[in-house]
Amino acid sequence: MAATQAGPISRESDRSLKSKFPELNVLIALVVIVATFEILGRVFMGDSFLFNTRTDVTGLFNEQRLQIIILQVSIVGIIAVGVTQVIISGGIDLSSGSVVGATAMIAMSFAQVSMVNGSPNPTAVFKGTEWLDLPVLVPLIIALGCGIIAGVTNGALVAYTRIPPFIATLGMMVTARGISKWITKGKPISFPTEAYTKIGSGMMPVVIFISIAILFHLIMTYTKYGKHSYAIGSNEEAARVSGIKVENHRILVYTIAACLAALAAVVVSSKNLTAQSGMGVMYELDAIAMAVIGGVSLSGGRGSIIGTVLGALIFGVIISGFTFMRLDAYYQEMVKGVIIVGAVVLDQWRQRSRSLRG
Amino acid sequence: MKKYAFVAAVAVTAIMSSSAMAAKIGVSMAKFDDNFLTVLRNGMIAQAKGMSGVELQVEDAGNDVAKQLDQIKNFIASGVDAIIVNPVDTSATQAMTDAAAAGKKPLVYVNRQPINVDTLPANQAFVASNEADSGTLETKEVCRIFKAAGKKEANVYVIMGELSNQAAVQRTKDIEEVIATPDCNFIKIIDKQTSNWNRDEAQNLMTNWLSTGKKFDGVIANNDESAIGAIQALKAAKVDLKTVVVGGVDATQDALASMKGGDLAVTVFQDAAGQGAGALDAALKLAKGEKVDRKVYVPFKLVTPANMNDFIKKN
């Protein structure tokens, strides 16, 4: 209420760096965490977290570490870009990890080679050779199809049956995981074609993640689609009254999210040269955590793609930092959980103090 | 005890009187759609086909504890000579043991260790592979390769499976025990972390380890998927795989292909078909009134480039 009373004056005076760049807090958190690992590393490990201390490689920074920090979160990051849009528009998507599993299994079935080291592919799904060594476009189109089917189903369930998105996408989560196990009765599908392996090799996952993030940052900031997403997430009724076709928009948002999950499936199966029924387990929760750490509000209407990318980087820094510190594996998950909750608690305090200040 | 002795005596006379009688064995599998259990089941069936007069009745419990107990009771009612159970839930086996004991039928558990394994009656047994062997075989072979290369000291990374999983805990313990022996104590563990059995996580973990720039000689993983993940990370970082010994466990198709390509040095094969055949063997012996050890272990087998071709068709 204070905000409305203060009116345009406060908005005028609040044109500080913070209001132009609301992700500043997340960026500060990222810097603080990096600095913490740098100091802990110097004190306890006698080594630098960020800077190069090796004699066999050149360069100021430890490039290999900088690369893995972002590489290891790129695949979940692609999903997080989609999940961010779903959450901003007032929904939630629990199905992305399972959609990754099912899509990876289905797409990889069409990306297999016929011969491995001179003997027939032992994991070939299709017996006939006409289904092997297909052009790379075939698995890509099939993956896209999987994404569209999963996304339209999620979106239509949420928009028309009015069941809560948590339940609708929970249903998809269980069903899609079932599909991924059923296809080969749990057996892995391995040995993709040369062209397919290129998609996720080296730093390609990072290139794809960053391109997707920039694309959707522009879309969310400058297009009608983006503005409608924020409007529906802030106040669905107001959005409806102002003429936004809420149902259609929801289907579109969930479809984009599922297609990004399908893209992540292609990248992860290509990177690992295999598709397995357990692929993508927990990805949905990691993606949601990245968004929330990045300042996306679970109640909808607030957040940004930039925030989510920063959230993903915080995740990556934590994983690499733990390994760098050789923290006991049994402690890692506990600490990770504390950091996720801590980040959101801090964000809530920041929100409250900002709204109190007006 | 007297009662059991009497029963055994009756059973023995029954067998004696009808020599080479047809043995009917009831088999209840936890589920049919599991890859490993399917190989086990087929191993059992193949073994039975090779014998004259052995008839198997194999049923799918569909991962349902109650259904499995019903199947056992039905086997008893229909007068089988012995029962083989691959338990759905290893903590629910007491009821199965009681049912078989009440029906005076021999019972053999296969692959999954029942919770009451140490209190099984004399005509019941457990057939599986001893989990403590897999990590031991793997680490001893890595140790042997280091020695053959003339290494006086060696540093390794250990990739663990899911921290809550018994096999992961056991295999990690095996690794630590082997490198504590005077024979292999030149090996030092730099760090051990989990990949949750997962190739992608293992790949990321290995790259994180590589970014520390520390020299190492080997990677000992709890499973093949993690070993392959490490290999992919090493390849991406252009590390010469001739300088690093990588070991796994499972002998999966992917692992054997990797070994054929010259990357994976060691893996360990769990003999599913052997377990199936072993369970049938034990059941037939018990049906005849012969003695069987309470725990029958089918050995794990070490797989190296020298013998890998024997395993390609097995899993």
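Chain A and chain B meet through 26 residues of chain A and 27 residues of chain B. The model is a predicted one. Contact here is a C-beta criterion: the two atoms, placed from the backbone, lie within 7 Å.

Four helices of chain A each supply at least two residues to it: helix 4 (63-88), helix 12 (246-272), helix 14 (305-325) and helix 15 (329-357). Helix 4 of chain A gives the most, with four residues. Sorted by class, the side of chain A that touches chain B holds 12 polar, eight nonpolar and six charged residues.

Now turn to a sheet in chain B. Four strands build it, in the order 7-6-8-9. The sheet is open, and its pairing is parallel. Strand 7 (187-194) and strand 9 (245-247) of chain B sit at the edges, each pairing on one side only. Neighbouring strands of the sheet are turned by 15 degrees against each other on average, with direction ignored.

Next, look inside the sheet. Strand 6 (residues 154-160) and strand 8 (residues 218-221) of chain B pair in the parallel sense over four bridges. Val156(B) has Gly218(B), in strand 8 of chain B, as its bridge partner.

Helices pack on these strands. Helix 8 (residues 224-236) of chain B packs on the sheet and touches strand 6, strand 8 and strand 9 of chain B. The direction of helix 8 makes about 150 degrees with that of strand 8 of chain B. Helix 6 (residues 166-178) of chain B lies across strand 6, strand 7 and strand 8 of chain B. Helix 6 runs at about 170 degrees to strand 6 of chain B.

Conventions
Residues numbered from 1 in each chain as written. Chains lettered and ligands numbered in written order. Predicted model: local features only at pLDDT ≥ 70, side-chain atom pairs only at ≥ 80, totals over all residues. Nonpolar A, V, L, I, M, F, W, Y, C, P; charged D, E, K, R; others polar. Pairing = 2+ DSSP bridges. Axes fitted to C-alpha atoms, helices over the stretch in contact; angles between N-to-C directions.
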